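Student: I have a two-part request: show me the model, then let me ask what lies behind the terms used to describe it.

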Amino acid sequence: MTHAPTNSHPAIEARELTKTYVLSEDHRVEALRGLSIQVGLGEFLSVLGPSGSGKSTLMHILGCLDQPTAGEYRLMGRDVSRLRDDERARIRNEEIGFVFQSFHLLARASALENVELPMLYGAKRPGRAERREQAADALDAVGLSDRATHAPSQLSGGQQQRVAIARALANRPRLLLADEPTGNLDTSTGREILETFARLNEERGLTVIMITHDRQVARYAHRSVELRDGKIVHDSANS
Amino acid sequence: MTENAGARQPDRRPAPRGIPAARDALFAAVAGLWARLMAELSAERRTAAETALQSLRRYPLRTGLTLLGLAFGVAALMATISLGRGAQTAIGQQVRAAGLNVIEISAGNYRTRGERPIGGVEAPARHGRVVPPGVLERLWQRVEPVALAHPENDPMEKHDHPTAAERLGDSAAGLGAAATLTRDDAEAIARLDGVAHAASGVHESVRAFAGDRRWFTRLHGTDIDLVEIRRSFSLRHGRFFSARELRRASQVAVLGSVARDRLFGPEVDPVGETITIWNQPFEVIGVVVSTNWMNPGAPGDDEFDAIYTPFTTVHRLLNVTNLNSITVTAASSGEVTQVADRITELLRERHGIGDAQADDFTVSTQASAVLSKGLHPKVAETLAGNIPNLERTTLRQLAATLERSSRTMSALLLSIALVSLLVGAIGISNVMLLSVRERIREIGLRMAVGAKTTDVGGQFLAESVLVGAAGGLLGVVLGTIAAFVIEGSFGLAVDISFAAALIAFLVALLTGIIAGVSPARRAARFDPIVALGSE
């Protein structure tokens, strides 16, 4: 990582975030209305809320896929709320791993090639051999080293999501953002995925933020925040 | 990685042969080139190229079809260029082969200076064939004949071809010549400015015998330079006689294809055989055939129905020293008349001819023969004065006509090639645009994991460029094959050049680049959130 490993700052520090979508002249949607949140390094946080509560918008902003209309967002101590597209791409590449509800794997690429993907776009762009090795390590971490050459279509849903997690881990980021990671999976497979998150959080000190609408799922996190109409209405530690 | 490498070791497979071996070698070569190219590129370009190659390989059918579409266009372009160049070269060769830069000097003057420059006697009835091959050549050479007694006209002799007098007119056939030209004249002419070659010539009509076959034909005692002068000569078998044989007056003979056919039979290689002329044995050392489609060689044509031997040999056997003719080529065809004038001046001086006297020789150029053909003497006379200008015009017109027709064909083919190339380009662009649309989610994902806009745009541009390059290479190969096929089956001249291949390839590459720009820009402009959310 480019940053010195210091724990003097929280992983995420967001103040008074607002996001307004202008649909037409007199029709605006305020997805976030002055939301503030702080997430410490190594925390496992779940963000709960019904659809339309602004949790996807929050996830996009926290994941540097989008910018807030107003407010300040510091990621790993760095203000990232007003960066250019390419700078945000760099941050996403180095600091954040994404896990999506629908996996988003390249259908015609092998598991290994899928995991290699983030390494293609990093600042240092390692060579083939190094990429391969690092991707194999990541697959190993999610217990799929024996499926490296399989195409996504040859894998079960849970295995596909684990490939996606391995991909998120490939560049060794400090933050993992998961958007409804169990939404397309059955309960027992979902549980495996959640346990994987918990294990990564515990063993590697990975900061995990998981967005869900399911209270059962949210319970795997150490702390839950609840969103409604673009604001946090509830913030508590899970027992 | 090491595991994979181990598994791919081909040591257990039998060594590939033939096409598989060639294919493997090709793949290895391409892989080697690719590796070198990659080493040259910046990290970002390398990523673009690598991801592009991966994507292309993941959709082999789509890639293949796009590539093929382009390759056909390039092949057409390449074949067109080759055909066009071939036609151009062929025209140049034909013009030269037709002998437009040839100047013929005959001994004696069969047209009195200033009066009846071209004989006014009616031509004897020609033989039955209406338009025999080589008619153009012959038209040029046909000067109105003067009836003269000649052994070929002997009523006791049976001919199945027109006699030389009928064909050519006696003077052009080298008959009725005075003993005015000498070897020294030929050597003096050879030293003149603008003269490329000068060949001494003694011409006789002879009966040649080979076993029990005999053939009445022309014997040309000539010089080693003749092969350079007669552009349409091609030695099918053996060789032309050497300077040494010329010096020694050796009894060697090079047969024209027609003489060979009659004395030995078609397609026979008579080199090493002996023929008899004037009861003297001649060793056959070569066979000349025509490379000129305007004059493929026919009985009685004086060039291929002929036997060539050193003029020194004819001199020795007949115990003569004069020459019937000197054949000269001008270094450039635009200079023919000036060179002809210089020769006239030189010969008049050498022969000590006073201003009031007529030449004792005749200098004729092919153009003058063409121009004065069949004209009223008075008109021809006027024309003759203007020959220097007319000649240039005629030469130019002939070349221009030939070139125009080849250019028309080239333009037609080129337009076909360009249309197919355009279709190929639209094909790439279309497929790339579709591919962008189809892979929006992939683009979104790549952006989410850190691909910059330039990475995504670069990948799609690189895909297009790679298709362009591969299509170009394939097209060049196909085009080369097509050109050979055209040459083989239609007999059209084809000139496959490195330049044509390079142009065709670069056009394909350019097509790839241009076709890729718009899809690449589209791909790069996506908002990752929108792209990820699209289904």
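This is a predicted model: local features need pLDDT of at least 70, side-chain atom pairs count only at pLDDT 80 or more; totals for chains, interfaces and linings use all residues.

Tutor: Residues are numbered from 1 along each chain as its sequence is written, chains are lettered from A and ligands numbered from 1 in the order in which they are written, and side-chain values use heavy atoms, with hydrogens and water left out.

Student: What makes a stretch of chain A count as a helix or a strand, and how many are there?

Tutor: Both are DSSP runs numbered from the N terminus, a helix being H or I over at least four residues and a strand being E over at least two. On that basis chain A has seven helices and ten strands, and chain B has 19 helices and ten strands.

Student: Why is A:Cys64 called buried?

Tutor: Buried means under 20% relative accessible area, exposed over 50%, and partly exposed in between, with a 1.4 Å probe and protein chains only. A:Cys64 has a relative accessible area of 0%, so A:Cys64 is buried. This residue sits in the loop between H1 and E4 of chain A and has a positive phi of about 60° although it is not a glycine.

Student: What makes A:Phe103 buried?

Tutor: Its relative accessible area is 9%, so A:Phe103 falls under the cut-off and is buried. A:Phe103 belongs to the loop between strand E6 (96–99) and helix H3 (111–120) of chain A, and its phi is also positive, about 65°, although A:Phe103 is not a glycine. Across chain A, 55% of the 239 residues count as buried.

Student: Why are H5(A) and H6(A) called roughly parallel?

Tutor: Axes are lines fitted to C-alpha atoms, for helices over the stretch in contact, and angles run from 0 to 180 degrees between N-to-C directions. Helix H5 (residues 157–169) and helix H6 (residues 187–204) of chain A pack at about 20°, with axes 9 Å apart. Angles under 35 degrees count as roughly parallel, over 145 as roughly antiparallel, 65 to 115 as roughly perpendicular and the rest as oblique; therefore H5(A) is roughly parallel to H6(A).

Student: Which residues make the contact of H5(A) with H6(A), and how do they divide?

Tutor: Contact means heavy atoms within 4.5 Å. H5(A) contributes A:Gly158, A:Gln161, A:Arg162, A:Ile165 and A:Leu169, while the residues from H6(A) include A:Ile193, A:Phe197 and A:Leu200. The contact residues are five nonpolar, four polar and three charged, where Ala, Val, Leu, Ile, Met, Phe, Trp, Tyr, Cys and Pro count as nonpolar, Asp, Glu, Lys and Arg as charged, and the others, Gly among them, as polar.

Student: How do you know that E1(A) and E2(A) pair?

Tutor: Two strands pair if DSSP finds at least two bridges between them. Ten bridges join strand E1 (residues 12–24) of chain A to E2(A), and the two run antiparallel, so they meet the condition. A:Ile12 has A:Val39 as its bridge partner in E2(A).

Student: What makes E2 (27–39) and E5 (78–79) of chain A edge strands?

Tutor: The open sheet has four strands in the order E2-E1-E4-E5 (chain A), paired antiparallel. E2(A) and E5(A) each have a single partner strand, so one side of each is left without a neighbour in the sheet.

Student: In chain B, what pairs with E9(B)?

Tutor: Strand E1 (residues 102–107) of chain B is joined to E9(B) by five bridges, antiparallel, with B:Val102 partnered by B:Thr329. Strand E2 (residues 195–210) of chain B also pairs with E9(B) in the antiparallel sense, over six bridges, and there B:Val195 stands opposite B:Ala330.

Student: Why is E9(B) described as mostly covered?

Tutor: Six of the six residues of E9(B) (residues 325–330) are buried. B:Ser325, B:Thr327 and B:Thr329 point one way and B:Ile326, B:Val328 and B:Ala330 the other.

Student: How do you know that B:Leu83 is buried, and what does it contact?

Tutor: B:Leu83, in helix H4 (residues 60–97) of chain B, has a relative accessible area of 7%, so B:Leu83 is buried. Leaving aside neighbours within four places in sequence, B:Leu83 is in contact with B:Leu413, B:Ile486, B:Leu492, B:Ala493 and B:Val494.
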